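Here are some notes on the structure shown below, written for a reader who is new to such models. Please keep the structure open while reading, and look up each residue as it is named.

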Amino acid sequence: QPFLAELTLESPASLGAFSAALRAALASARADAQAALRGRKTRWLVIATGASRGFGRAVVRTLAAELARTAARTHGTAPGLLPDSPLLSVESKGLRVEGGTFLLLGRDSAALEAVRLEVEAELRAFESASESAITSHVNSKGASTALNAVNSRWAVGTHALDLGDAEAISSFVQATLSPLLSRALSSAHAGVHPQVLLLNNAAELPPLLPIVSLPTAALAASLQLCVLAPAALATAVARAASLAGPFCCNATVVHTSSLFAVEPARSWGGYCVAKAAADMLHAVLAAEFAHANAEGEGELPALRTLNYAPGPLDTDMQAAVRASASVGAEFRRMKERGQLVDPFASAEVLVRLILCEKFESGQHVDYYDVLNT
């Protein structure tokens, strides 16, 4: 670089200038490399908690439909004329999709199986006759995990997992998630760029009580589900991405956040505390990866996080809130006025943010913020 010839390293000022120039050159090289990767085919690994109902179900179905549409365009196998997706803006048009795997997590095996069939239907919507030939079972190392090959490009699996059980999470990470991540990231050496998406979506309402009346055990259970379990899954993804090496993969970790993560509310103390802590967990992870790359400390791969507040969703959880004597009146009025958000409408916004990469890593983004821009 020309700037190297102009610098002398005899003073602290010169050393500082050299360091700054070197960091700028490295940042530019990283940006050029990432831009080049946008044109490569991508293979997706999508892991979603709380996928059996509500917002989790809406996100995996919406994402499956958009990725299948893009894969069909990539391979020119779409039946007939394939219209442009209304979700994707100009920024995402360079996305090329080879295929991938969806792993759906939740406690209800029967509900997960129903969503698996729905996701498979979304993935089959644009397949060609040659792709539809494969229907075989694909073995997985997890004893309760089955990955079913939808066609030659896609597979969908389910795993019954109680995120309130720390030992069960540890076993899942070691026996199922880590091997799955390792296999997915190995595709980087086959000319395909791995894209890993973890959706930390599972949540449960603690008792809607004043914080002074909230049992400690209830708060601990909420923190386990909303903070400790997502931390275990997110760090597994981060470690795997780090081992893959620089520019070998992109990883995104999305936390289904809430307005209550940033605004306190009476009788919502347990939920507010858990969601605020989860927001900070994902923001810190983003900051650590951003700092390491900016300082040249190991050239970590691209890992981004997003805290997405989906709005007041019309789900089973919302129905439980409306039944509450302490906080339900406001939400009953919202239901009567049609002010609750359809989970699929909010899922479309989130999928657009993910595929178009239109967010700052670690940021808290609200559904209404996106609608109003």
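1. A residue is called buried when its relative accessible area is under 20%, exposed when it is over 50%, and partly exposed in between, with a 1.4 Å probe and protein chains only. By that rule Arg116 is buried, with a relative accessible area of 9%, and Glu120 is buried too, at 6% relative accessibility. This is a predicted model, in which local features need pLDDT of at least 70 and side-chain atom pairs count only at pLDDT 80 or more, while totals for chains, interfaces and linings use all residues. Residues are numbered from 1 along each chain as its sequence is written, and side-chain values use heavy atoms, with hydrogens and water left out.

2. The side chains of Glu120 and Arg116 meet in a salt bridge, at 2.4 Å from N to O; the term stands for a side-chain nitrogen of Lys or Arg within 4 Å of a carboxyl oxygen of Asp or Glu. Both residues lie in helix 4, four residues apart, which is about one turn of the helix. An α-helix has 3.6 residues a turn, so residues three or four places apart point the same way. Helices (H or I, at least four residues) and strands (E, at least two) are DSSP runs, numbered from the N terminus.

3. How many salt bridges are there by this rule? The count comes to 14, and one of them joins Glu98 to Lys41, with the closest N and O atoms 3.8 Å apart. This pair links distant parts of the chain, since Glu98 is in strand 2 (residues 96-106) and Lys41 is in strand 1 (residues 41-48), 57 residues apart. Glu98 counts as buried at 15% relative accessibility, whereas Lys41 is partly exposed, with a relative accessible area of 26%.

4. Asp108 forms a salt bridge with Arg53, and here the closest N and O atoms are 3.5 Å apart. Asp108 lies in the loop between strand 2 and helix 4 (109-124), and Arg53 in the loop between strand 1 and helix 3 (54-75), so the pair ties together parts that are 55 residues apart in sequence. Asp108 counts as partly exposed at 32% relative accessibility, and Arg53 counts as partly exposed at 42%.

5. Helix 9 (residues 328-336) has Gly328, Phe331 and Met334 as its buried residues. Seen down the axis of helix 9, these buried residues fall within an arc of 120 degrees, so they line one face of the helix; the arc is that of the directions from the helix axis to the C-beta atoms. Helix 9 is followed by Gly338, whose phi is positive, near 70 degrees.

6. Val212 is found in the loop between strand 6 (193-200) and helix 6 (216-244), and this residue is exposed, with a relative accessible area of 77%.
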